[in-house]
There are 2 protein chains.
Amino acid sequence: MLGIELHRNSGISLARQIYQALRNQMTEGRLKQGEALPSTREMARHLSVSRNTVCEAYEMLSSEGFIESRQGSQTRVANGLLLEKTDLPVENIEESGPSTFSYLVDFRTGQPDLRYFPKSLWLQYIRKASEDLPQEQWGYSGTEGIPALRKAIADWVFRSKGMTVSSQDIFVTSGATQALHLLAELLSVYGKDILMEDPCHIGMLRVLQGKGFNILPVPVDKQGLQTDSLKRNSACAIYVTPSHQFPLGGILPATRRAALIRFARENDLFIIEDDYDSEFRYCGPPVAPLCTMDPQRVIYVGTFSKILYPALRIGYVVLPHKFHSQWRYLRRHVDVQNPPFEQAALAEYLRTRKLDRHVRQMRKLYGQRREILLQAMEEKFGRVWHPWGDASGLHLALEFPGFHFDESFTLRCKESGIRITPVDYHSIHKGVHLDKLLLGYGHLEAKEIRKGVTLLYDCIQK
Amino acid sequence: MLGIELHRNSGISLARQIYQALRNQMTEGRLKQGEALPSTREMARHLSVSRNTVCEAYEMLSSEGFIESRQGSQTRVANGLLLEKTDLPVENIEESGPSTFSYLVDFRTGQPDLRYFPKSLWLQYIRKASEDLPQEQWGYSGTEGIPALRKAIADWVFRSKGMTVSSQDIFVTSGATQALHLLAELLSVYGKDILMEDPCHIGMLRVLQGKGFNILPVPVDKQGLQTDSLKRNSACAIYVTPSHQFPLGGILPATRRAALIRFARENDLFIIEDDYDSEFRYCGPPVAPLCTMDPQRVIYVGTFSKILYPALRIGYVVLPHKFHSQWRYLRRHVDVQNPPFEQAALAEYLRTRKLDRHVRQMRKLYGQRREILLQAMEEKFGRVWHPWGDASGLHLALEFPGFHFDESFTLRCKESGIRITPVDYHSIHKGVHLDKLLLGYGHLEAKEIRKGVTLLYDCIQK
């Protein structure tokens, strides 16, 4: 009867199996509209299940309108259920998840060394913060972040960067990427053009392009953005990395900072300052953010991913007053808020200065690795290259005058087991920085760095 | 000399204070370009600080390009630093954070009762999951969610809703809001019109409007979307809540489901199925999702916020193959991924069937509260009202024929200490459902519900 096959050890109840089988037969037309179903008693006997099971299945079908039964008459299939077989072919696309290629040495950029992250301490903070979390923070606790974290971030940017910021101006985000995504939404009402450093972080470029922005590139030299190249234009904002230009490493000098702010004022545009890794500066204190020079025009973006661990997903913006209510509205309709445990743990981690200690330790470690990389380069390559930018961050930009590093070079490196990114990958106008490579060293041990430089040498020799 | 005031008990170092004071004087023009600074020795003596402190401040100024010093000559202020006083007025907008108005009884919708959430059990899961988290999940671990959670969700939708889904099709999101936000981005290339139930969740409406969609409303009756009203049009998608229409509560009957899918096929549009609270159905099992009828055309959105706690921020979509790579690209440029601890804890919570138990317990509790609300209404109001929709969810839609509930009524309720949302608030075409109110009861104790009904009675009498 009706060709129903039941699987008694399946995770799905017998009633649901009966329901599904009957439903499929109705939408596929094997059970026709108006057709009578067997009584629950008959069906139960036929399938060797209890009558209750069949009743449950019939009730499901009835409550969803697949069958109709009137008092004293038979149960019948409802009208209008027929569906042709699905008309969209199931495409068998290969899953393109994260690359699983295994490099011998992976010089990719922006990677903190997670092996030195004090996990057990952090887990204690997570545990304590979770246990102490007030009732209301299990519910919707606000798009702007929990108060304790906003306060702790305000204190942190004050003591680490000399920024005087009200915690009311700090808005917690899911990392710097979300910050930029939301800022792009926010600023899109002001115009469709945006200025960016060239080269720049290609991921950030794509965020802005994805929001429909037309990108106007501004060239970069050893000191960062070339403010002399700024021309009157229709841009509503400029995205910059003044503390440590990504990827070339320059610190924007004071004269250019002042010029940039004057330009922004004259052309009435906002400055998005991405301060993505200024914590790791090896000769001298972190550079003071641009936003201290004009907090109403510069929107500051910071992140803890590079300091703690990438999966944390906590960044923040320091937002001028005029954007506060729009920001709240936007965030509410994008993803509402960050989850609370990490926020509460980070607030304590900041308050008890554990972050400061971690930054100090990592700065020392990364500084040593930078020296090892420079030394290994000199031993292997002599003087054909020189480094760009300031002594800071997790990667180094190296210039090899006269060389041309393109995709075929990247591929050759990959075949030799090393990942190297040419600066050209991050260029908007291709071909300008063909002679430069980026080597991320923050996550690599001395042995790995030396091995990587040897492999790089062989690749360049070819 | 130079009018520098130092605060010795401030959290900020003396060197940084000197640096900031000098920097401000330069950008404000009190120190002019080319002007010589006092020697470090003089300055140290004048400020009664160590010479090292002054040297540190000068180094900061020098490395950022504020001052220039040549061997053997005096240190001078760099050129081009002058900035006019900020030209944007600081607006003193009142902070418009979460409302702090305190209601006697708050009948708002969509609130699970957090007092019954098994927090200590959940915290155990968080702790265990955090400790066991593999190294690679502290880094960028994939836009689609951690594998264990995708698997656990696939099993959960199979056993609770009869959906047969590959874990490869499940993409974890920061709640249903983000899911819809990303889907709107994804579908925007197919067109700029979208069909929505009217009334609908006003927050979801705003997500779609925020993405630039033109909303085409389709009326709703007691059984949900009126598929008879669907006309040929230019929409690229339709957003529906077939398991429990928000806010009116209907379950879309099978005939309409089939009609909806036929319509979508004929007009080549996608169906976004928001299954926001189908777990809480009090007479019978959860309704089978629409997507089981056509998984290549229906995009299913589920969430755990209503089941567990809102701040969790974990939802998911079941995505047809053709969208996978676009989805990954989008998520990478929106906020990269969810943080890992909650994901790992939820995976275990699902795997060990703790969620199933919690849903059973809450369903029972919410069902009782619903009965209490209905009973209290009947005692107070007699027969002038009747409930709409299916016995499910966390709120009830009530019709009072002949009544008109508008904003002035909401205000009157607020003055009496109760929050009540008229259905009209969620209407796209205003004025159609003026005689209906929404009462969220899931988070209220019996006493609160009865008190609220009494207060409501008084408001309606006025």
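Good morning, colleagues. The model is predicted, and local features need pLDDT of at least 70, side-chain atom pairs count only at pLDDT 80 or more, while totals for chains, interfaces and linings use all residues. Residues are numbered from 1 along each chain as its sequence is written, and chains are lettered from A and ligands numbered from 1 in the order in which they are written.

I begin with the two chains.

The contact between the chains takes 89 residues from chain A and 89 residues from chain B, where two residues are in contact if their C-beta atoms, placed from the backbone, lie within 7 Å. On the side of chain B that touches chain A, the largest share, 7 residues, comes from helix 8 (residues 254-266) of chain B. Helices (H or I, at least four residues) and strands (E, at least two) are DSSP runs, numbered from the N terminus. That side of chain B has 38 nonpolar, 33 polar and 18 charged residues. Here Ala, Val, Leu, Ile, Met, Phe, Trp, Tyr, Cys and Pro count as nonpolar, Asp, Glu, Lys and Arg as charged, and the others, Gly among them, as polar. Because 100% of the interface residues of chain B are also interface residues in chain A, the copies meet through the same surface.

I turn to the domains. Chain A is divided into domain 1 (14-77), domain 2 (105-110 + 357-461) and domain 3 (117-354), with bounds from an automatic or database domain assignment. The centres of domains 2 and 3 of chain A, taken over C-alpha atoms, are separated by 26 Å. In their contact, 26 residues of domain 2 of chain A meet 28 residues of domain 3 of chain A. Helix 11 (residues 354-381) of chain A gives the most to the domain 2 side, with 8 residues.

Next, the sheet. In chain A, 8 strands form an open sheet of mixed pairing, in the order 4-11-10-9-8-5-6-7; two strands pair if DSSP finds at least two bridges between them. Strand 4 (170-173) and strand 7 (224-225) of chain A stand at the edges with a single partner strand each, so one side of each is left without a neighbour in the sheet.

As for helix packing, which residues of helix 5 of chain A meet helix 10 of chain A? They are A148(A), L149(A), A152(A), I153(A) and W156(A). This contact between helix 5 and helix 10 of chain A divides into 9 nonpolar, 1 polar and 1 charged residues.

Finally, the backbone details. A cis peptide bond, with omega of about 5°, joins D198(A) and P199(A), and P199(A) lies in the loop between strand 5 (193-198) and helix 7 (202-210) of chain A. In chain B, S48(B) is not a glycine, yet has a positive phi of about 55°.
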